[in-house]
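Colleague: I have a few minutes and a new model to get to know. Can you walk me through it?

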Amino acid sequence: MTRPFRFGVVAPLRTDLPTWRDRVRRIADSGYSTLLVPDFPQTQPAPGPMLATAAALTDLRVGTWVYASPLRPAWLTAWEAHSLSLMTGGRFEMGIGVGRPGIEDELRNKGLPVVPPNERLAQIRETVRTLRDLDGADHHTPVAMAVLGPKARALAAEVADTVTFALGNQPRVEVERLAREFRTSRGPELALAVPVVGDTVAPYMAHPDTDPVALRAADALTVLPDDPAAALEEIQRRREEIGFSYFVFGADFADRFAPVVAKLARR
């Protein structure tokens with residue numbers, strides 16, 4: 001089964017608030033389905049208020065890209081996610097993962113315990129379990145998991161509605177292998193975050209030292225050409241050959257790819 005395309009935008013607050021609001025409205029008017037915000041404490045406002053604001057301004061779906069599980073107790077993340085789902089009329093998607101590279105130093109600086117990856121996965125499981133309890137039988141908050149290792153992939157296959165791979169410079173053939181286990185008619189939606197377009201790296205989506213030339217040389221899927229026509233062809237190829245149907249870009253690329261989104265979102 002081929003899933004229809006949908007497109008999301010990671011839109012951190014890097015300007016004054018009115019400019020950010022205008023960008024959110026423009027993203028909604030350009031055919032994107034989902035407005036996403038990163039989880040970077042003290043460098044951004046908290047995800048909940050940002051997403052509630054975006055949902056009030058537009059009819060976009062909204063979501064976290066992604067909650068870092070060790071930053072909060074599982075019950076607190078689940079409560080916020082359930083609350084956002086209710087307050088947005090079911091338009092919230094909870095993205096969650098074990099935390100970006102280097103999060104151990106951030107946890108120490110904040111006085112939080114540094115837990116190993118297997119315990120972070122247990123936190124994710126408990127978060128989703130609590131979210132399902134809060135949702136009850138008549139509500140379902142979609143869950144997107146960012147994964148890479150086999151244990152994380154196994155958990156995502158069990159509990160996630162959407163799966164994205166925490167990719168760097170892995171070549172296309174390796175990503176095809178990772179995606180193969182999820183490509184079933186009842187499998188989760190496959191999402192691909194694309195933090196690099198041409199030679200530009202999207203803020204809050206990849207490390208600032210990311211080398212676009214090295215990514216292209218490795219045939220990595222974390223980069224797209226900056227020419228919209230070439231990007232359109234490559235996006236179609238990635239759905240046909242690998243199964244990705246949900247593509248996530250940085251906000252700085254949203255206007256450039258709006259024509260691409262307008263063409264593909266109908267397919």
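Colleague: What kind of model is it?

Modeller: This is a predicted model.

Colleague: How many helices and strands does the chain have?

Modeller: The chain has 10 helices and 12 strands.

Colleague: What about its radius of gyration?

Modeller: It is 17 Å. A compact globule of 267 residues would come near 18 Å, so the chain agrees with that. The C-alpha trace spans about 45 × 40 × 40 Å along its principal axes.

Colleague: How much of the chain is buried?

Modeller: Buried residues are 49% of the 267. The chain exposes about 12200 Å². Carbon and sulfur atoms supply 53% of that area.

Colleague: And the contacts, what share is between residues 24 or more positions apart?

Modeller: Taking contacts with a separation of 6 or more, 74% are between such residues.

Colleague: Now strands. Which way do the side chains of β7 point?

Modeller: Thr-162 and Thr-164 point one way, and Val-163 and Phe-165 point the other. In a regular strand, side chains alternate between the two faces of the sheet.

Colleague: Are those four buried or exposed?

Modeller: All are buried.

Colleague: Which strand pairs with β7 over four bridges?

Modeller: That is β6, residues 143–147, and the pairing is parallel. Met-145 stands opposite Val-163 of β7.

Colleague: What is the strand order in the open sheet of three?

Modeller: The order is β10-β9-β11, with mixed pairing. β10 and β11 stand at the edges with a single partner strand each, so one side of each has no neighbour in the sheet.

Colleague: How many bridges join β9 to β11?

Modeller: Two, and those strands run parallel. Val-196 has Val-223 in β11 as its bridge partner.

Colleague: Last topic, Pro-70. Where is it found?

Modeller: Pro-70 is in the loop between β4 (67–68) and α3 (74–87).

Colleague: Why does Pro-70 count as buried?

Modeller: Because its relative accessibility is 8%, and buried means under 20%.

Colleague: What does Pro-70 touch beyond four places away in sequence?

Modeller: Its contacts include Val-98, Ile-103, Leu-107 and Arg-120. Pro-70 and Arg-120 are 50 residues apart in sequence, but their C-alpha atoms are 6.2 Å apart in space.

How values were computed
Residues numbered from 1 in each chain as written. Predicted model: local features only at pLDDT ≥ 70, side-chain atom pairs only at ≥ 80, totals over all residues. Heavy atoms only, no water. Rg over C-alpha atoms; globule rule 2.2 N^0.38 Å. Buried < 20%, exposed > 50% of the residue type's maximum accessible area, 1.4 Å probe, protein only. Contact = heavy atoms within 4.5 Å. Areas by Shrake-Rupley, 256 points an atom, 1.4 Å probe, with all protein chains shown as cover. Pairing = 2+ DSSP bridges.
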